[in-house]
Amino acid sequence: MEHHDIPGTTIFDGDQARKGLALNRMCFSFNSAENREAFKRDEDGYCARYGLTKEQREAVRERNVLKLIAAGGNVYYLAKLAGIFGLNVQDIGAQQTGMSVEEFKQKLAAAGR
Amino acid sequence: MAHIIGGVATSHVPAIGKAIADKKQNEPYWKPFFGGFDFVHQWLQREKPDIAVFFYNDHGLNFFLDKMPTFAVGAANEYHNDDEGWGLPVSRSFAGDAAFSWHLIEALVADEFDVTMCQEMLVDHAVAVPMQLMWPNAKEWPVKIIPVSINTVQHPLPSAARCFKFGRSIGRAIESYAGNQKVMVVGTGGLSHQLDGERAGFINKEFDLLCMDKIVSDPEALTGYSSEKLVELAGTQGVELLNWIAMRGALTGRVTEAFRNYHIPISNTAAATMVFDHQPQPQRKAA
């Protein structure tokens, strides 16, 4: 569906949801500690079992959040994946904006002034 | 009849739950946020609610994107929290009031809000964190909860106007329940924040301050924004403002602001807490 364009922003609509169903379902499975461990043992095998596309598997391998979003990932679900890699929302914010984590934190603090 | 004593709105960022677990409340980063709860504790101590109706959004604990209800109401006598995958300790469970829930559901459907009815429902940090913030030292939770989940994740989202009317309907339903319960309403999430995309880290103080003013005195003014406009002004996750708007809708009488706290940043979020006093009016204006 067409949206009013908001720079740097993807609306998680039906098109995104359809594209991302398998990827988001895999991330949903990470609510279970057992599944998180299974993923860590064999990342790509786990991705394959959930039917991720080549593009999605590459984005997982590269830990590339912008590519994961482009491939239909929803950030609430991607956060569960990022957690496995030890990345919090400042880390993924820094990655997506091309800043260091420290710069990203300063940007957040600056918004309050 | 049951009556509504007022409401609390608060951010529900998972990192707050982590800070509670790690006992960081008094550290310089966290104090400006947690300090805002001193007033809330006094208010709750004075008002002693029996039931808390929670307007919140699920983040992939109870609902997955395979089946996403726009509005869902819990109808259980007990609700559990569980592992959400990002390292928060699992909260102890919460008591519900199934009879009260079914009364709300009956009234909502009669009012043409065809909600999803959930006799089993996991509640995530969007309920657990505000509970821990409001009653940090409680051995047992002093309220029963009614979880009301609003889809703020999968577009199309319900409009702000629809969420406000939904809240209105719940408010009328609460006040028509044959009991003498003291009920508080809670709206969780927000305010402005965006976790995803090149615009990650977006915060809009000016819009948040406007929302906090309008939600007290002129909530209808917030119902004119489309979901896309809310994303633009408040960020992709700032649309959790819808939970606040629904909560405010449930306050059908005269509303006054008892307290507010606003602090940037907590995690990636403009964190806000508000308390609303509520006086039922004999002649309410129609929703």
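The paragraphs below treat the interface and then the cavities.

This is a predicted model, in which local features need pLDDT of at least 70 and side-chain atom pairs count only at pLDDT 80 or more, while totals for chains, interfaces and linings use all residues. Residues are numbered from 1 along each chain as its sequence is written, chains are lettered from A in the order in which they are written, and side-chain values use heavy atoms, without hydrogens and water.

The contact (heavy atoms within 4.5 Å) involves 42 residues from chain A and 35 residues from chain B. Together the chains bury about 3400 Å², 59% of it on carbon and sulfur atoms; buried area is the accessible area (1.4 Å probe) lost on being put together, summed over both parts. In chain B, the residues that lose the most area to chain A are B:Phe64, B:Leu195 and B:Glu228, together 18% of what that side buries. The interface holds 1 salt bridge, defined as a side-chain nitrogen of Lys or Arg within 4 Å of a carboxyl oxygen of Asp or Glu. Its partners are A:Arg36 and B:Asp83 (2.9 Å, N to O).

A cavity is a set of points on a 1 Å grid over the protein atoms alone where a 1.4 Å probe fits but cannot get out, and its lining residues have an atom within 4 Å of a point. Of its 17 lining residues, A:Phe12, A:Asn74, B:Asp196, B:Thr236 and B:Gln237 are the closest to its centre.

Note on methods: 1 Å grid on protein atoms, 1.4 Å probe; cavity = no way out; pocket = protein on both sides within 12 Å on 5 of 7 lines; lining within 4 Å. Buried area = accessible area lost by both parts, 1.4 Å probe.
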